[in-house]
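Open the model in your viewer and keep the selection tool ready, for this tour goes from one stop to the next and says at each what to select and what is there.

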Amino acid sequence: MKAEQISDVCTFHGEGPYWDRRRGELLLVDMMEGDVLVRHEDGSIDRHDVHPRLAGVIRGRESGGYVVGVERGFLFTDDAFSVLEQGPEAFSDTAVRMNDGGCDTAGRFLCGSMGWEGGFGAGTLYSLDTNLSVSTVLTGVTISNGLHFSPSGETAFFSDTPTGRIDALGYDVSTGRFTDRRTFAVVEPALGMPDGMAIDAEGGIWTALYGGGAVARYDSSGRLSEHIPLPVTNVTACAFGGKDLGTLFITTTQENIPEGSEPTAGALFAVEPGVSGAPLPMFRG
């Protein structure tokens, strides 16, 4: 199984790939540029500036358009990214920024933060409810990454990247609160650090391996079952999309890479992994 490059270098710090089933196109962010990119079926890419400092993660909004996790809160956009509406602020600390997140099966948008300098325990996982209220659901996080939910919504999969783990958290869908936490899988240090993730229809978790130049799959029991190398050291995130959600799209970054040493860093990659992705919930607010 081999990942193929499907774009020129299009980001400095590519992150947050998201397949929008309504338009049949892949969206992603160039995080530190505050840009959302749309990759069309013909492979062309449009870029939309949505925030002056940061765009961390994007999800579809059932009422139309998108919700974006930006530097210290949330932003709403229309389908064309021409109308931008500032949403609620989650926090005011200028030393902290949003990073990654996803929607639960009740339509809440959960988004986690981290210190700009990566300070230990500086991050928090926030929940944007469908009534646009913001609450705290997890504290003491260092680098919040890769939030996905099981089809029932009763288990959340989450990585605090420096721990080297993917955790499974029990989740009460009715209240939007976690009930317990356990280790789902341990990413061996030699493989890299767990970054953004995707979930497949068999309950497998795919994680980008930052510093490890690959994506890996851990099956529903937490066992390493696939390891797919890329020609880029810092792989940031992955998402299922395409026909029948059968393609795994992968983002990469030029961050922490000596200039010119990896000419494809910042490009998009894709692989046909032989398993389909699980459909993702949208934001219902």
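Before the first selection, one term is needed: helices (H or I, at least four residues) and strands (E, at least two) are DSSP runs, numbered from the N terminus. This is a predicted model, in which local features need pLDDT of at least 70 and side-chain atom pairs count only at pLDDT 80 or more, while totals for chains, interfaces and linings use all residues. Residues are numbered from 1 along each chain as its sequence is written, and side-chain values use heavy atoms, with hydrogens and water left out.

**First stop: the largest pocket**

Rolling a probe the size of a water molecule over the atoms shows where empty space is left. On a 1 Å grid over the protein atoms alone, a pocket is an open set of points where a 1.4 Å probe fits, with protein on both sides within 12 Å along at least five of seven lines, and lining residues have an atom within 4 Å of a point. Grid points are joined across faces, edges and corners, and a volume is the space filled by probe spheres set on the points.

The largest pocket has a volume of about 280 Å³. Select Pro17, Tyr18, His148, Ala239 and Leu280, which are the closest to its centre among the 26 residues of the lining. Then colour β2 (14–20), β6 (55–60), β10 (96–103), β14 (144–149), β18 (193–199) and β22 (235–241), each of which supplies at least two residues of this lining; the largest share, five residues, comes from β2. The lining of the largest pocket has 16 nonpolar, six polar and four charged residues, where Ala, Val, Leu, Ile, Met, Phe, Trp, Tyr, Cys and Pro count as nonpolar, Asp, Glu, Lys and Arg as charged, and the others, Gly among them, as polar.

**Second stop: the second largest pocket**

Now select Met114, Ile143, Asp195, Tyr210 and Glu255, which lie nearest the centre of the second largest pocket, out of 13 residues that line it. This pocket holds about 240 Å³ of space, and β10 and β18 each supply at least two residues of its lining. By class, that lining divides into five nonpolar, four polar and four charged residues.

Select histidine 13, which is in the loop between β1 (4–5) and β2. Histidine 13 is buried, with a relative accessible area of 4%; buried means under 20% relative accessible area, exposed over 50%, and partly exposed in between (1.4 Å probe, protein chains only). Leaving aside neighbours within four places in sequence, histidine 13 is in contact (heavy atoms within 4.5 Å) with residues including Val29, Asp30, Thr253 and Glu255.

Next, select aspartate 20 in strand β2, which is also buried, with a relative accessible area of 1%. Apart from neighbours within four places in sequence, aspartate 20 is in contact with Glu25, Leu27 and Tyr66.

**Last stop: the cysteines**

How many disulfides does a search of the whole structure find? The search finds zero, a disulfide being a pair of cysteine sulfur atoms within 2.5 Å. Cysteine 103 is buried at 5% relative accessibility, and cysteine 111 is buried with a relative accessible area of 0%.
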